[in-house]
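Subject: Handover of a model, with notes

Hello,

I am passing a structure on to you.

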Amino acid sequence: MAEAANDNLNLKNTGGSLPVPNVQSLAASKEFTEIPGRYVRPEIIDSPVLDSVAKHGDIPIIDLSRLDHLQHSNDEILKLSLACEDWGFFQVINHGVPDEVMEKVKVVIKEFFQLPLEEKKVYEQFPGTVEGYGQVFVVSEEQKLDWGDMYFLSTEPVSGRNLNLWATNPPTFKDALEQYTQEIRRVANILLESIEKSLKLDKFFSMFEGGVQSVRINYYPPCPQACKVLGLSPHSDAVGLTVLLQVNEVQGLQIKKNGAWLPIKPLPGAFIVNIGDIIEIMSNGKYKSIEHRAIVNTDRERLSIATFHGPRVDAQVGPLPAAVEKNEPHYKTVSLQDYVRMLFSFKLEGKNILDHMKLED
Ligand code: OGA
Ligand code: NI
């Protein structure tokens, strides 16, 4: 009993979000003429977007088949360490996830969001929790809102799944998500083990073995005044490692590079991977999480699935002893439970979680 309760701690009793309107039905409503003020983000007018990848470079590409045990290449580890240090974001190719697994998950996600609102609401979040269909990180009535809905599910540990929130329509949803997230676990483990090698940090990978995995499925409806809204506010991911798959062809992810926003164009079949706050903390700042945001399209919906990986539920989040040079940790150490509770008590805003974890020099 105690163990089961412990397993569930990752997403239960974390605090929830204030209720917000459903954006998909708002965007589809016939009466919709003016964007409600809570979605209008004047600040984005002044946030420069880099339009030429040629000038600014593009995120690195990592070949997973060269990091796999048997093939293990020191060159690729070096490339990974530069990708983590200089960019915090990279694309992963040759990952070995079968096409049909990727296609199936894309199909069920698209089908799920096409269901009528009442059917999606069967999987709605319970008040005070974050898992299910709805929204997270809304903590005040004054706060600006994102132009998107999400569906958040905990996938690992398996005993912590809340299966009554997993869609039964489309009927293949559960199988497709299960197969996909199992494959992503394999990809994440190869990357995490390689990151351990690149950091030369003992005990790094073992923190993630048996760790938490969750998915955030994002649905960004089209918006007639797309340049006034944000699909997802600027944020860094609070977790260890994120593997993102764009579900349809519509682009929208932008990452912060030299104070401006760089649009990311996924290679066909590739994953976009990024370093989250927990790796920044564990590595004592050697690898940094990077802010990113999602913009929306004027006439096309956009969908994505982010798979998050964190340490075990009983872990402490803090700099690993081997990463702390000269006895100077730059971040606090807290239990994963306290960390997750803190995370959901804030709005999504830049690297705000890390600001709370940083120690004064
Ligand atoms: C996220 C995220 C980006 C996207 O879910 O944390 O950053 O492109 N998503 O949807
Ligand atoms: Ni993110």
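Conventions first. This is a predicted model, in which local features need pLDDT of at least 70, side-chain atom pairs count only at pLDDT 80 or more, and totals for chains, interfaces and linings use all residues. Residues are numbered from 1 along each chain as its sequence is written, chains are lettered from A and ligands numbered from 1 in the order in which they are written, and side-chain values use heavy atoms, with hydrogens and water left out.

Helix pair

Helices (H or I, at least four residues) and strands (E, at least two) are DSSP runs, numbered from the N terminus. Helix α4 (residues 74-87) packs on helix α7 (residues 173-199) at about 90°, and their axes are 9 Å apart. That makes α4 roughly perpendicular to α7. The labels work like this: under 35 degrees is roughly parallel, over 145 roughly antiparallel, 65 to 115 roughly perpendicular, and the rest oblique. Axes are lines fitted to C-alpha atoms, for helices over the stretch in contact, and angles run from 0 to 180 degrees between N-to-C directions.

Contact means heavy atoms within 4.5 Å. From α4, the residues I77, L80, S81 and C84 meet L191, S194, I195, K197 and S198 of α7. The residues of this contact divide into five nonpolar, three polar and one charged. Here Ala, Val, Leu, Ile, Met, Phe, Trp, Tyr, Cys and Pro count as nonpolar, Asp, Glu, Lys and Arg as charged, and the others, Gly among them, as polar.

M150

M150 is in strand β4 (residues 149-156). M150 has 0% relative accessibility, so it counts as buried. The cut-offs are under 20% relative accessible area for buried, over 50% for exposed, and partly exposed in between (1.4 Å probe, protein chains only). Leaving out residues up to four places away in sequence, M150 touches residues including Q125, V130, Y133, R216 and I217. M150 and Y219 are 69 residues apart in sequence, yet 6.0 Å apart in space, C-alpha to C-alpha.

Aromatic rings

Rings of Phe, Tyr and Trp (its six-membered ring) pair if their centres lie within 6.5 Å; planes under 30 degrees apart are stacked, over 60 edge-to-face, the rest tilted. The count is 14 aromatic pairs. Y39 and W147 have ring centres 5.3 Å apart and planes at 85°, so this pair is edge-to-face. The two residues are 108 residues apart in the chain. Y39 is buried at 3% relative accessible area, and W147 is buried at 0%.

Y123 and Y151 have ring centres 6.4 Å apart and planes at 40°, so this pair is tilted. Both Y123 and Y151 are buried. One aromatic cluster is formed by F112, F113, Y123, Y133, Y151, F173 and Y219.

There is also a charge over a ring (NZ of Lys or CZ of Arg within 6 Å of the ring centre and within 35 degrees of the ring normal). The charged end of K257 sits over the ring of W87, 4.0 Å from its centre.

Backbone details

- E156 and P157 are joined by a cis peptide bond, with omega about 0°.
- The peptide bond from N169 to P170 is cis, with omega near 0°.
- N94 is not a glycine, but has a positive phi of about 50°. N94 is partly exposed, at 47% relative accessibility.
- K200 is not a glycine either, and has a positive phi of about 50°. K200 is exposed, at 72% relative accessible area.

Best regards
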